[in-house]
Amino acid sequence: RSQECHQGVWNKVSKSCYEVRGKTMGIIGYGHVGSQVSVLAESLGMRVIFYDIESKLPLGNARACKSMHEVVREADFLTLHV
């Protein structure tokens with residue numbers, strides 16, 4: 001596939017692929033790195049929820065959750081930044 005791309009051929013095949021658009025990214029720890037991950041996830045079309053022990057202002061359309069358990073329960077993907 002790499003050789004095809006170098007030759008300018010874009011052979012889009014969905015076999016063994018997973019679409020992240022429309023899925024939910026859960027972030028535990030919404031500091032510098034976690035908040036930037038939320039920006040990247042939103043740019044991929046994901047819904048973002050997060051939990052942090054301190055009150056944080058969400059970036060973009062991210063939504064703060066009241067507990068870590070809520071994030072784990074709702075997220076399709078989970079990333080930890082503690």
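**Salt bridges, a pocket and a patch**

The structure holds four salt bridges, a salt bridge being a side-chain nitrogen of Lys or Arg within 4 Å of a carboxyl oxygen of Asp or Glu. This is a predicted model, where local features need pLDDT of at least 70 and side-chain atom pairs count only at pLDDT 80 or more, while totals for chains, interfaces and linings use all residues. Residues are numbered from 1 along each chain as its sequence is written, and side-chain values use heavy atoms, with hydrogens and water left out.

Q: What does Glu 74 pair with in strand E2?
A: Arg 47, with the closest N and O atoms 3.1 Å apart. Glu 74 lies in helix H3 and Arg 47 in strand E2 (residues 47-51), so that pair ties together parts 27 residues apart in sequence. Helices (H or I, at least four residues) and strands (E, at least two) are DSSP runs here, numbered from the N terminus.

Q: And what's the N to O distance for Arg 63 and Glu 74?
A: 2.6 Å, in a salt bridge between their side chains. Arg 63 is in strand E3 (residues 63-64) and Glu 74 is in helix H3, so this pair links parts that are 11 residues apart in sequence.

Q: Which residues end up in one network?
A: Arg 47, Arg 63, Glu 70 and Glu 74, joined by salt bridges that share partners.

Q: OK, what about Glu 19, which residue does it bridge to?
A: Arg 21, with the closest N and O atoms 3.5 Å apart. Glu 19 is partly exposed at 46% relative accessibility, whereas Arg 21 is exposed at 58%.

Q: Switching topic: how much space is in the largest pocket?
A: About 170 Å³. On a 1 Å grid over the protein atoms alone, a pocket is an open set of points where a 1.4 Å probe fits, with protein on both sides within 12 Å along at least five of seven lines. Grid points are joined across faces, edges and corners, and the volume is the space filled by probe spheres set on the points.

Q: What lines that pocket?
A: The lining includes Arg 1, Trp 10, Lys 12, Tyr 18 and Glu 19. Lining residues have an atom within 4 Å of a point. By class there are six nonpolar, two polar and four charged residues. Ala, Val, Leu, Ile, Met, Phe, Trp, Tyr, Cys and Pro count as nonpolar, Asp, Glu, Lys and Arg as charged, and the others, Gly among them, as polar.

Q: Which residues make the nonpolar surface patch?
A: Met 68, Val 72, Leu 78 and Leu 80, over about 380 Å². Helix H3 (68-74) and strand E4 (77-80) each give two or more residues to the patch. Patch residues have over 30% relative accessible area and no salt bridge, with nonpolar side chains (Val, Leu, Ile, Met, Phe, Trp, Tyr) joined within 5 Å. Areas come from the Shrake-Rupley method with a 1.4 Å probe, and for residues only the protein chains shown count as cover.

Q: How does Val 72 score for accessibility?
A: Val 72 counts as partly exposed, at 47%.

How values were computed
Patches are made of residues with over 30% relative accessible area and no salt bridge: like charges are joined within 9 Å, nonpolar side chains (Val, Leu, Ile, Met, Phe, Trp, Tyr) within 5 Å. Buried means under 20% relative accessible area, exposed over 50%, partly exposed in between (1.4 Å probe, protein chains only).
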